[in-house]
Amino acid sequence: MSDVILEMRNITKTFPGVKALNNVSFSVTKGEIHALVGENGAGKSTLMKVLSGIYPYGTYEGEIYFQGQECRFRDITESEKVGLVIIHQELALIPFLSVAENLFLGNERAKNGVIDWNESISKTAEYLERVGLHESPNTLITNMGVGKQQLVEIAKALAKEVKLLILDEPTASLNETDSEKLLELLLQFKEHGISSILISHKLSEVNKVADSITILRDGATIETLDCRKDKITEDRIIRGMVGRDITHRFPPRDSKIGEIIFEVRDWNVYHPIHEDRKVSTNVNVTVRKGEVVGLSGLMGAGRTELAMSIFGQAYGKRITGTAYRHGKEIDISTIDKAITNGIAYATEDRKAYGLVLIQEVKNNITLANLEEISKRQVINEPQEMRVTSEYRDKLNIKCSSIKQLALNLSGGNQQKVVLSKWLFASPEILILDEPTRGIDVGAKYEIYTIINRLASEGKGIILISSELPEILGICDRIYVMRDGKVVGEMPASEASQEKVMKYIMTQQEVTQ
Amino acid sequence: MKIPTTFNEAASGTAFRKTLGDLFRNNVREYGMLIALIAVMVFFQFQTNGVLMKPVNITNLVLQNSYVIVMAMGMLLIIITGGIDLSVGSVVAVIGALAGVLIVRYDFNWVLVVGICLLLGALIGAFHGYFVAYQKIPAFIVTLAGMLIFRGLTIALLRGESVGPFPRGFQNISSGFIPDFFHYEGLHITTILIGVLLSILIVWLDVRARRNQRKYGFEVVPFFFFVAKNIGIIAVVMGFSYLMASYKGLPNVLVLLFALISFFSFITSSSVIGRRIYAMGGNEKAARLSGVNTPRLLFYTFINMGVLASTAGLIVAARLNSATPNAGDGMELDVIAACFIGGASPMGGVGKVIGALVGAFLIGVLNNGMSILGVGIDWQKVVKGIVLLLAVLFDVYNKNKSA
């Protein structure tokens, strides 16, 4: 195996309480495109962070060999020095600098600290030619589309004399033609002996360009498939990705589903900055009394965008469509009106959007419904303390006092505070966006129990989750979203991980 | 049933100790600044051979700092939202100039002019607030522009010269005293009576709050501490009334200050709007997603600031008995410093009225004490700068220790 360029042996990486990678081995041969697939949270990004030195040597167990040499990277510059370049999903370009300036950022063509602009610009033109981008080196990044920016990132990697290129979801934000172009480029690089690791959720792309596919699941390597010998079907890959038993991770519940209480029709939303980009297209969603409706899909499928646009247009521009509550059209054009109309949205990012961290638990719980505890604009503090204590007991929030700062609670307890806030606003339709992200198994179970209780009280719940087992475990009905569209709907009784995954992954709409 | 009882007893025992400890730990900032203020006062009291605490000087001190305190109430709210207002010094000047021109040059009735000025203050605040809240331009830039604009307008209005003097009634806004209904040689009885009434009111409110907390079954401060605190408060209030009464009684300005301080303490601690301002400063996005109309709230805080700045402008004009082109110059810095010394955070979300008040008094006592001692304006600035830095350093130190 002399043509192995990269070998990772028995990599184990632990975060407090979680084993993110468990004894993973992974190798790439020279001049191949190696795809890395797996569900969200399977450990793909963690593995690449170990490889590129973002998690430095010593914070993980195992060995990395690159071109036969053992590597102990302390940071990302060391891994780049040997020719290992990672391009992240979120582009790392500086918007108000030119292409040439970005290309050599941290790698400036300079003598004694003085930049040689002539060399920089002529070299930039050369690299741009190689990636097939016809732009002036002086163009500012902010004036280019995402597709072109992606190409600049790759040119930047070339400038670092890349030998192994790692692309994390490179086509997630690209349209068809740009994606096509990018994949062509990878094939070209292969000809020149540059290997690539491609992390992608789009299995059609993977099938198109990959020479081999490694599947990760729950932080372990499941298998490596060789695509050169025989054709691998998408179904085969999906089976490898989800083949896991669902144990008793969810509390049992019996659903009593009533009439439709909430509905949105023909919902269209545009991106707030790139105003010609549509983030929701003709979405129709209904919620019944006592029902838990799942919104499944990959990150970036437009679920959060949809939810926030429904919640008083908290996201997006040029929003069109109608919303109905109990069959009557309602005005949800501001957050205040949405709350008044019985809608609540518990955010996926509790620290940035959900909590005022520097304030007390008590203040956070009552923030969305101060009217309830005040009379003529004056807050009745003892009453506030009583109701918040009730929520603390009901949701089992572990805090030294309701006057403890939200900052000092654990993730699960912070999530319960966010939930309490919205329960106190007594909504009829509760949108929960990734309510169990980043919290431990025990707390997850408690959150599921709360969801069940709310449903049994007759509320309608929309649950956004990237974890398929969770969606399957607690929802009554499931919508699948991709690219801002609802591409599938099914009752949970008919759903399986394979079936949902198929809707998520397949580029064509499945009709059924 | 035996085990739970013992548990409860143990719990209440720790609760008691925790409450006292918490009380100090949670209020290190306020107590720290209060102790600093008292220390500075004691220092100057000795250095000036007792001049500092003389009734006439105390009256002066209050009058000299009244406008800083008035504006600190508004500035505090803006700082809590995470903003700043640099224009207040210029607004003080332009309001004074308008009052001067209308009253002295055009012979308007001064009461009418006060109304016009307050209205104009609100408009100026709305002007700043519009750009900050709805056009999303940083408050620093908007109010820097306002600082230049209103200083320029002041000079234009006054044509570069001072305008005065004002009629007696207008001057009384800042140099008058409340009338005495009893005539007793050497002591202003009305003032003493007000002090007594105020003490009773404070104690009554505190007793009621304590009873209310008990009713809902919450921890209260230990009884001993409760009594000690109230005796302390009464002593301070009565001592102060006596000091005032032995000169000319309560200055009108002081009555206004009491009203404003009580009002804003109430707004920040107990009102819905106050709670929302803190939430907005602590995390604007979370507040907005909780249904708080954050732009409108921000707009209101600037209108409030405008009204308070124009109130200060009237006080300054009345006190100087003339409108001058450079009135209020640099005043914004004293006001902002008072808020930060008082524990407000430049990041927003943190700050208390009582803190800003202590901060304003600390600056006032430093100004006054050093002036009595004959320290030049040069060194006064140096000392004030160092005090500001030390106060914020103290904050940072506390925060790191608790984290």
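The buried residues of helix 10 of chain B are B:Val253, B:Leu257, B:Phe264, B:Ile267 and B:Thr268. Seen down the helix axis, these buried residues fall within an arc of 100°, so they line one face of helix 10 of chain B. The arc is that of the directions from the helix axis to the C-beta atoms. A residue counts as buried if 20 or more other C-beta atoms lie within 10 Å of its own, as exposed if 12 or fewer do, and as partly exposed in between; C-beta atoms are placed from the backbone.

The model is predicted: local features need pLDDT of at least 70, side-chain atom pairs count only at pLDDT 80 or more, and totals for chains, interfaces and linings use all residues. Residues are numbered from 1 along each chain as its sequence is written, and chains are lettered from A and ligands numbered from 1 in the order in which they are written.

Helix 10 of chain B spans residues 252-270, 19 residues in all. From first C-alpha to last, helix 10 reaches 27 Å, close to the 27 Å expected at 1.5 Å a residue. The expected span is 1.5 Å times one less than the number of residues. Helices (H or I, at least four residues) and strands (E, at least two) are DSSP runs, numbered from the N terminus. The cover over the buried residues of helix 10 includes helix 3 (55-80), helix 7 (168-175), helix 11 (272-282), helix 13 (294-320) and helix 15 (353-373) of chain B.

The largest nonpolar core has 237 residues. Such a core is a set of buried Ala, Val, Leu, Ile, Met, Phe, Trp, Tyr and Cys residues joined through C-beta atoms within 7 Å. B:Met71, B:Ala72, B:Leu76 and B:Val92 have the most contacts inside the largest core. Helix 13 of chain B gives the most to this core, with 14 residues. Beyond its neighbours within four places in sequence, B:Val92 is in contact with residues including B:Tyr67, B:Ala309, B:Val316 and B:Met331. Contact requires C-beta atoms, placed from the backbone, within 7 Å. A second, separate core has six residues, among them B:Met244, B:Ala245, B:Tyr247 and B:Leu250.

Chain B is divided into domain 1 (31-163 + 262-398) and domain 2 (177-250). Domain bounds come from an automatic or database domain assignment. The C-alpha centres of these two domains of chain B are 27 Å apart. Their contact takes four residues from domain 1 and four from domain 2.

In chain A, the assignment gives domain 1 (4-242), domain 2 (249-342 + 427-512) and domain 3 (350-426). The C-alpha centres of domain 2 and domain 3 of chain A lie 25 Å apart. Domain 2 brings 11 residues to their contact and domain 3 brings 10. Helix 15 (residues 441-456) of chain A gives the most to the domain 2 side, with four residues.

Between the chains, 24 residues of chain B are in contact with 26 residues of chain A. Helix 8 (189-215), helix 11 and helix 12 (284-289) of chain B each supply at least two residues of the chain B side. Helix 11 gives the most, with six residues. The chain B side divides into 10 nonpolar, 10 polar and four charged residues. Ala, Val, Leu, Ile, Met, Phe, Trp, Tyr, Cys and Pro count as nonpolar, Asp, Glu, Lys and Arg as charged, and the others, Gly among them, as polar.

Conventions. Two residues are in contact if their C-beta atoms, placed from the backbone, lie within 7 Å.
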